[in-house]
Amino acid sequence: NFAAGLSFLLLGSGSASVICFVAVAQTTVNCLHDLRGSRIAWWELLLFSLLYLAGGALQYRSLPDLLPLGAAVFFMAAMSQSREQRIRWFSCGNAVLWIVYDVIVASSALLSHLVTLAALLLALLRGEKGKKARKQEETK
């Protein structure tokens, strides 16, 4: 997110840049919660929601600038999940919106988001195969 934020900043995509930097802060807070064995508080989710909204709104110039806001919604939803598969599904939504935005603004972050989406889809597929294998074992 930090590198993508810098890339968007250099492209003049202010809303995308702000949203990426807020995502870096949110990821840091989430990691701190994981280290403590706690979950992110409702007020922290509210604070990050307001930061995403303010950052996106302050830099809004055209319709494509709404895509990073949509991606932020998916990111927030992913970070508030406890089940890995749900995190991956919401993260796929996030990646798809970033990919569309990357194409529109010709961002070098496109490759990173494509790789992220591919990895998420592989993880989802692997998780489904594992689920099916466990069910087959249980029925034997």
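Student: Is Asp102 buried or exposed in this predicted model?

Tutor: Asp102 lies in helix α5, where helices (H or I, at least four residues) are DSSP runs numbered from the N terminus. Residues are numbered from 1 along each chain as its sequence is written. In this predicted model, local features need pLDDT of at least 70 and side-chain atom pairs count only at pLDDT 80 or more.

Student: Which residues is Asp102 in contact with, leaving aside its neighbours within four places in sequence?

Tutor: Contact means heavy atoms within 4.5 Å. With those neighbours left aside, the residues in contact with Asp102 are Phe8, Ser107, Ala109, Leu110 and His113.

Student: Which residue forms a salt bridge with Glu84?

Tutor: Side chains of opposite charge can pair when their charged atoms come close. A salt bridge is a side-chain nitrogen of Lys or Arg within 4 Å of a carboxyl oxygen of Asp or Glu. With the closest N and O atoms 3.2 Å apart, the partner of Glu84 is Arg88.

Student: Of these two, what is the relative accessible area of Arg88?

Tutor: Glu84 is exposed, at a relative accessible area of 52%. Arg88, on the other hand, is buried, with a relative accessible area of 17%.

Student: And where is Leu51?

Tutor: Leu51 is partly exposed, with a relative accessible area of 38%. Its place is in helix α3 (residues 42-58).

Methods:
Heavy atoms only, no water. Helix = DSSP H or I, 4+ residues; strand = E, 2+ residues; numbered from the N terminus. Buried < 20%, exposed > 50% of the residue type's maximum accessible area, 1.4 Å probe, protein only.
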